[in-house]
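Start with the model itself. Then follow the text from the surface to the packed parts of the chain.

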Amino acid sequence: VLGVAAVLFALNFLADKIPYVDSINDALQTFVRIPAGALLAYGAAGGLSPEVAIIAGLLGGTLAAGTHVAKAGSR
């Protein structure tokens, strides 16, 4: 897992240095970051009641969307 994370970090780091590749990477990450944030929060609250897990998933997706908009919008 650490090896895969290191490779993905290196690819993202390099993609941020090339202008057009950076824009394409941000566009693709829109479809990855937001659902991943929602699923991560939903999974973290999975042991609780279904209502709490759904609310956690919505909050996780909202936070992921907010950070993604801030990152993409700051360029």
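A patch here is made of residues with over 30% relative accessible area and no salt bridge, and nonpolar side chains are joined within 5 Å. By that rule, Val4, Val7, Leu8 and Leu11 form a nonpolar patch on the surface of this predicted model.

Now take the whole chain. Its secondary structure comes to three helices and zero strands. Read along the sequence, the pattern is α-α-α. The C-alpha atoms fill a box of roughly 45 × 30 × 15 Å along the principal axes. How does the radius of gyration stand against that of a compact globule of 75 residues? The globule would have a value near 11 Å, but the chain has 15 Å.

Burial and surface come next. Of the 75 residues in the chain, 19% are buried. The accessible surface comes to about 5500 Å². Carbon and sulfur atoms account for 80% of that surface. Contacts also reach along the sequence. Among those between residues at least 6 apart, 44% join residues at least 24 apart.

Go to the start of the chain. Val1 is found in the segment before α1. Its relative accessibility is 91%, so Val1 counts as exposed, the cut-off being over 50%. Val1 and Ala65 are 64 residues apart in sequence. Their C-alpha atoms are 25 Å apart in space.

Is α1 largely buried or largely in the open? The number of buried residues is one out of 14, so the helix lies largely in the open.

Helix α2 brings in Asn25. Its relative accessibility is 14%, under the 20% cut-off, so Asn25 counts as buried. What does Asn25 touch, not counting residues up to four places away in sequence? The partners are Asn12, Ala15 and Asp16.

Helix α3 runs over residues 50–73. Apply the length check again. At 1.5 Å a residue, its 24 residues should span 34 Å. The end C-alpha atoms of α3 are 34 Å apart, so expectation and model agree.

Which residues of α3 are buried? They are Ala53, Ala56, Gly57, Gly60, Gly61, Ala64 and His68. These buried residues pack against α2, at residues 19–44.

Look at His68 in more detail. His68 sits in helix α3. At 6% relative accessibility, under the 20% cut-off, His68 counts as buried. Leaving aside neighbours within four places in sequence, His68 is in contact with Asp26, Gln29, Thr30 and Arg33.

Finish with Gly73. This residue also lies in helix α3. Is Gly73 buried or exposed? At 61% relative accessibility, Gly73 counts as exposed. Gly73 and Ile34 are 39 residues apart along the chain. Their C-alpha atoms are separated by 15 Å.

Definitions and conventions:
Residues numbered from 1 in each chain as written. Predicted model: local features only at pLDDT ≥ 70, side-chain atom pairs only at ≥ 80, totals over all residues. Heavy atoms only, no water. Helix = DSSP H or I, 4+ residues; strand = E, 2+ residues; numbered from the N terminus. Expected span 1.5 Å × (residues − 1). Buried < 20%, exposed > 50% of the residue type's maximum accessible area, 1.4 Å probe, protein only. Contact = heavy atoms within 4.5 Å. Patch = residues over 30% accessible without salt bridge, like charges linked within 9 Å, V, L, I, M, F, W, Y side chains within 5 Å. Areas by Shrake-Rupley, 256 points an atom, 1.4 Å probe, with all protein chains shown as cover. Salt bridge = Lys/Arg side-chain N within 4 Å of Asp/Glu carboxyl O. Rg over C-alpha atoms; globule rule 2.2 N^0.38 Å.
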